[in-house]
Amino acid sequence: TFALGVAGTLAQRAALPDFAAGRAIAAFALTEPEAGSDVAALATTAIAQADGGYRLDGEKLFISHLGLASHAIVFATVDAAVGRRAITAFWLPLASAGVEVVAQAPIAPHPLGRLILRDVRVAADAVIGEVGAGFKLAMQTLDTFRVSVAAAAVGMARRALDEATVHVRGRRQFGKPLAEQPLVFAQLADMATAIDAARLLTLRAAHLRDHGATRATVEVSMAKLFATEAAQDVIDRAVQV
């Protein structure tokens with residue numbers, strides 16, 4: 001619901017307290033079969049209707065919270081020939097006619113699904129922000145979410161290091177704890193260093209977002225990239241230890 005807080009109307013923002021309190025859940029429907037990192041390539045269309053509303057048609061996939069969410073922020077193009085300048089965000093109740101949610105099965109437990117839109121009608125007041133301003137809104141949202149992804153990765157890595165540290169302090173090999181074995185100690189040092197670097201990058205990104213930086217995409221992307229890669233490496237080392 002970040003997009004509602006940034007660009008929603010008063011009527012749209014009236015729903016935010018329920019989502020903030022966890023009484024309702026929303027989904028962020030951006031990714032498509034042919035539009036992942038290349039957001040401008042999305043193919044979901046929003047065709048203007050005579051009554052001022054829009055008809056939505058298309059498919060989204062790998063969308064978190066589907067199956068639990070009551071609403072979704074759907075990104076669609078009002079004119080595919082214009083590219084990113086035509087992308088528009090819509091506030092869509094998932095109980096609307098023509099909406100189909102299909103569960104997807106990820107490797108780890110997570111509510112994930114495909115969102116299929118077939119002749120879905122929405123009123124003009126479903127538009128979030130301005131028509132054609134959806135690309136900027138999507139990028140602003142991702143800049144915020146990527147910070148939380150980086151922070152989660154730091155937390156996972158830290159937990160892995162903590163578990164490994166407890167183990168090596170209690171496990172004895174060759175007459176002394178594993179923690180005193182040079183190769184094991186070096187592993188722990190590398191893990192701790194990677195975690196600290198990831199944490200500092202994440203804090204920088206969060207600081208920029210909290211203090212109103214208009215563009216922090218580079219710093220946010222660095223934090224997400226490094227923290228997730230570091231988490232994978234640290235957790236792998238922890239398992240080996």
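The largest pocket in this predicted model is lined by 36 residues, and Phe28, Ser64, Leu142, Phe145 and Val149 lie nearest its centre. A pocket here is an open set of points on a 1 Å grid over the protein atoms alone, with protein on both sides within 12 Å along at least five of seven lines, and lining residues have an atom within 4 Å of a point. Its volume comes to about 1100 Å³, taken as the space filled by probe spheres set on the points, which are joined across faces, edges and corners.

Who supplies the lining? Helix H1 (2-7), E1, E3, H4 and helix H6 (217-240) each give at least two residues, and H4 has the largest share with ten. Helices (H or I, at least four residues) and strands (E, at least two) are DSSP runs numbered from the N terminus. By type, the lining splits into 22 nonpolar, twelve polar and two charged residues. Ala, Val, Leu, Ile, Met, Phe, Trp, Tyr, Cys and Pro count as nonpolar, Asp, Glu, Lys and Arg as charged, and the others, Gly among them, as polar.

A quick note on the ground rules. Residues are numbered from 1 along each chain as its sequence is written, and side-chain values use heavy atoms, with hydrogens and water left out. As the model is a prediction, local features need pLDDT of at least 70 and side-chain atom pairs count only at pLDDT 80 or more, while totals for chains, interfaces and linings use all residues.

Now for the aromatics. Searching the whole structure turns up four aromatic pairs. Rings of Phe, Tyr and Trp (its six-membered ring) pair if their centres lie within 6.5 Å; planes under 30 degrees apart are stacked, over 60 edge-to-face and the rest tilted. Two of the pairs are set out here.

| Pair | Centre to centre | Angle between planes | Type |
|---|---|---|---|
| Phe28 and Phe145 | 5.8 Å | 85° | edge-to-face |
| Tyr54 and Phe90 | 5.3 Å | 65° | edge-to-face |

Phe28 sits in strand E1 (residues 26-29) and Phe145 in helix H4 (residues 134-170), so this pair links distant parts of the chain, 117 residues apart. Phe145 has 33% relative accessibility, so it counts as partly exposed; the cut-offs are under 20% for buried and over 50% for exposed, with partly exposed in between (1.4 Å probe, protein chains only).

The other pair ties Tyr54 in strand E3 (residues 54-64) to Phe90 in strand E5 (residues 87-93), 36 residues apart in sequence. Are these two residues buried or exposed? Tyr54 is buried at 11% relative accessible area, and Phe90 is buried at 0%.

E5 pairs with strand E4 (residues 71-77) in the antiparallel sense over seven bridges, where strands pair if DSSP finds at least two bridges between them.

Phe62, in strand E3, has a positive phi near 60° although it isn't glycine, and at 52% relative accessibility it counts as exposed. Asp119, in strand E7 (residues 112-122), also has a positive phi, near 55°, and is partly exposed at 39%.

Terms used: On a 1 Å grid over the protein atoms alone, a cavity is a set of points where a 1.4 Å probe fits but cannot get out, and a pocket is an open set with protein on both sides within 12 Å along at least five of seven lines; lining residues have an atom within 4 Å of a point.
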